[in-house]
Each structure stands twice: as C-alpha cells, then as structure tokens.
Amino acid sequence: MKKRFKLKAGFVLKPTADDNLKNLYFDIKKIFEKKNIEVYIDMLSAKLIGILGMDFDKMCESVDFLVSLGGDGTLISLARRSYKFNKPVLGINAGKLGFLTDINPENIDEFLDKFLNNEYRIDERMVIEVDYMNSKLYAFNDVVISKDVISSMISINVDTNESFLNNYYGDGLIISTPTGSTAYNLSAGGPVVYPLTESFILTPICPHSLSQRPLVLPSQFEIDIEVKSNNAKLIIDGQEIVDMNGKIKIKKAKNPAKLIHRLERNYFDVLREKLKWGDGK
C-alpha cells in the first residue's frame, strides 16, 4: 500500500448488523484512527447502525482500500460491487466460516502495525465476467444457472471457443472461480481448486445422467451457454438473481479482485481448519 500522510479506508458492514457489530465497528474505527487511518463508511452500512455515511461509489473513489466487516458473504459482495474501482479489500471476520476473511477483530491492532510497515500481501483472485442482455455482470465466487420450478429440469447447452462442450440436463450448472470452489461448487461435489489458479470449474447440479462430472477449463476459454426454457434463473455469487431465457457469454474478467492478507496466511492451513481435515488422526 502506497503510504501518504493519511491513508483512507472505506468500511462496509454485513447487512444484518446488530448492536454487537455496531460496537465492534466503533472499536475497530478507534484502532484505525489511532494508526492515523481515516475511516469512511458506506451509506447503507451507516444507516444500519444509526450514523451518517457516504455514497458507495464516492467512497470507493475516495479511499485507498476497502474493509469488509462481516463474513465471507459480505466480502464477496463488496469485492463484486467495487470491482470497477480496482481497490484492494481487507476482510475482518465477524462471521462464522471465514475462508476469505482471515483477520480476526482481536488481531486488528497487531495487523495494522504490520500493514503500515508493508508487511502484508495482496492476493489477486480471478473474476468472471458475464455478458447477458447487453450488460456485464461480475462474479467473484460463481455463476449459477438454476431451474426455477421444483418439479422440472432444465437443458443447458455449453459451447467454448474451441468446440461444443456438452448438454447438461438436470437442476442446473455452477461455473465457479477457484476462489468459489469451496462454496456451492464444493457442496455440489466439485473439486477444491487452489485459489490463485486461473480456471473455470463447471459442476452440474443433480444431473439426470451420472456420467456428467465436474470439469476444469483453462481461464483462456470463452464459454457460451444457452438455456432453451423460461424457467431458469441466473444467480451471481448467490446474491444477484435475474430471470434467464437465452444466452450468456462467460470469460475471465480483465482485472482480478485484490484481497489483502497477512503474510503468515497459508491456504492449506485454512482448508485443514475449516474443513476439519486430519481430525481422524
């Protein structure tokens, strides 16, 4: 992080903020200000805790880095919403799982000392760009095409820039980034992929044929997907949902998302902790 006389941080809180999170925000704000870091908060987050805030876009333009205070969902939403501003994001874990938010509130003071001394790293994570109905959507975790009616299945044709790939018939299809491989993809039987890899993971949801298996494709591929029905939903990061009828084009976005992490953070330590690997010893 390039130092100036005073760094500026823009905060976004998880949308279910309560009194505990409100108190935590003010405690963390004091620590930031003690380190000579000016704190801003976006308007919606501020409203949740009864204070004045700043327009989200204006905040992103004004600050040096962004801070997510919540769980992984809050960080994912912030990374996607702030994508066009190309600002690094620091995740402070006030949630449960914490695959992405590796800074705990009790470690803020220590981490900021290291941060201001340039003892940190920025991980660049692949982002998916979705072209749909002449507009662009961005996914940090995954793009899901899902049926909308419980009793029916949907047919999904998938082409790449090399050749026709497959027709998936079932409950839907997940197209995940490596970062999102430990989310819905993992629950649906897809592989865990190292997050700094650049690839697409295609995982069918409850396919009609057991021969339909997860597939990993290079990030250089462009993927064309067509759904010939009117009962499908396009879901971005589990947070944005639109009706889908027709085609979408998927490719790697031009710029990555940037996540601020401790130098000591080790992805395999995180996997072992969160997935309880090795507990049978």
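Asn118 is situated in the loop between helix H5 (108-116) and strand E5 (121-125); helices (H or I, at least four residues) and strands (E, at least two) are DSSP runs, numbered from the N terminus. The model is predicted, so local features need pLDDT of at least 70 and side-chain atom pairs count only at pLDDT 80 or more, while totals for chains, interfaces and linings use all residues. Residues are numbered from 1 along each chain as its sequence is written, and side-chain values use heavy atoms, with hydrogens and water left out.

Asn118 has a positive phi of about 60 degrees, although it is not a glycine. Most residues other than glycine have a negative phi. With a relative accessibility of 45%, Asn118 is partly exposed (buried means under 20% relative accessible area, exposed over 50%, and partly exposed in between, with a 1.4 Å probe and protein chains only). Met133 also is not a glycine and has a positive phi, of about 55 degrees. The loop that holds Met133 runs between strand E6 (128-132) and strand E7 (135-139). Met133 is exposed, at 63% relative accessible area.

The loop between H5 and E5 also holds Tyr120. Tyr120 is buried, and its relative accessible area is 11%. A distance of 5.0 Å separates the C-alpha atoms of Tyr120 and Leu263, which are 143 residues apart along the chain.

Tyr120 is among the residues that His261 touches, a list that leaves out residues up to four places away in sequence and also includes Leu100, Asp102, Phe111, Arg121, Asp123 and Arg125; contact means heavy atoms within 4.5 Å. His261 belongs to strand E15 (residues 257-261) and is buried, with a relative accessible area of 1%. The side chains of His261 and Asp102 are joined by a polar contact of 3.0 Å. A polar contact is a pair of N or O atoms within 3.5 Å; within protein, one must be able to donate a hydrogen and the other to accept it, and residues adjacent in sequence count only if both atoms are side-chain atoms.

Helix H4 (residues 72-81) is largely enclosed by the rest of the structure, because eight of its ten residues are buried. The buried residues of H4 are Asp72, Thr74, Leu75, Ile76, Ser77, Leu78, Ala79 and Arg80.

Leu196 is in the loop between helix H6 (184-187) and strand E11 (199-207), and is partly exposed, at 39% relative accessible area.

Overall, the secondary structure of the protein consists of seven helices and 15 strands. The C-alpha trace spans about 60 × 50 × 35 Å along its principal axes. Of the 281 residues, 50% are buried. Among contacts between residues at least 6 apart in sequence, 67% join residues at least 24 apart.
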